[in-house]
Amino acid sequence: MNSNILEKVEDIEGWLKYSPGIPQYSKFLPNVICAGVKVADVYHTIRHARASLIYMDLEDYGQTIAENDYTHVQYIKSKFFFDALAYYNYSIDLSWQVLFLYYGDEDYGILQDKFRYEQDIKKCRMATLEKRLERKGQNELLEYVNSFLNLPLTDSVRDEYNYLKHRGTYYIDGLGENDEYFPFGLAGSRLKMINRREIDLESWKGKMIEYDKSFVNYFNEIVKIMPQDYVSSKLDLLEIASLSSRLKEWEKGK
């Protein structure tokens, strides 16, 4: 499967436009602003993942490898595969944060206190997201998120990433040995050796491309929670006056 299709960014370019500017800060409440930041974070994360997959197809790795032989090429391809696998998994967690923040605090404390913003993000786990969405009456949205997580392809990508996180690496053809048993006889006994899960880079590259398509479809639905006029909002002096009033009101209530 050709990864050149990943060079086209038109399908996700709209996500970057959710990075808030002065019009958005003037018009929308902090929860919406925070969610917009996270939508843009997902954009950058997917771009990083796609870049890593594209780099797996390079014909000349130049100074990134000492020799242009099978072993060295396998090594650098595996490095880019690990990067892509990690970034695609980061994107799932970030997609949860979009929802967690959007349905979270509306007061200005989350913007005025950087520690509070970072702490809120750290609290975002599937269990806490479920509670927040249920409390906000967003059960259908929760079901949608769970349906994506339960897709066999999504589950497989997350399983491989968790294996990598806990085991450090895989066995990849051309990179070392992966014997299951000690190679010499031990008076009729056999000693098992700790070996690693084996993966095929080309096969997994194809899986990643399919996952990319699946994630884009999933996240496009998540983005629909954002106000329809969020991206198109223009600078309005009246909105700035309104922002000033809201901020003063928050400061009084601290």
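Reply: The count of disulfides comes to 0, where a disulfide is a pair of cysteine sulfur atoms within 2.5 Å. Cys 34 is buried, at a relative accessible area of 3%, and Cys 124 is buried too, at 7%; buried means under 20% relative accessible area, exposed over 50% and partly exposed in between, with a 1.4 Å probe and protein chains only.

This is a predicted model, in which local features need pLDDT of at least 70 and side-chain atom pairs count only at pLDDT 80 or more, while totals for chains, interfaces and linings use all residues. Residues are numbered from 1 along each chain as its sequence is written, and side-chain values use heavy atoms, leaving out hydrogens and water.

Now the helix. Helix α4 covers residues 70-102 and contains Lys 77; helices are DSSP runs of H or I with at least four residues, numbered from the N terminus. Lys 77 is buried, with a relative accessible area of 17%. Leaving aside residues up to four places away in sequence, Lys 77 touches Met 56, Tyr 61, Leu 201 and Glu 202, contact meaning heavy atoms within 4.5 Å.

α4 also packs with helix α8 (residues 139-149), at an angle of about 180° and with the axes 12 Å apart. Axes are lines fitted to C-alpha atoms over the stretch in contact, and angles run from 0 to 180 degrees between N-to-C directions. The two helices, α4 and α8, are therefore roughly antiparallel, the word for angles over 145 degrees. From α4, Ile 92, Trp 96 and Leu 99 meet Leu 141, Val 145, Phe 148 and Leu 149 of α8. The residues of this contact comprise 7 nonpolar, no polar and no charged. Nonpolar covers Ala, Val, Leu, Ile, Met, Phe, Trp, Tyr, Cys and Pro; charged covers Asp, Glu, Lys and Arg; the others, Gly among them, are polar.

Definitions and conventions:
Parallel < 35°, antiparallel > 145°, perpendicular 65-115°, else oblique.
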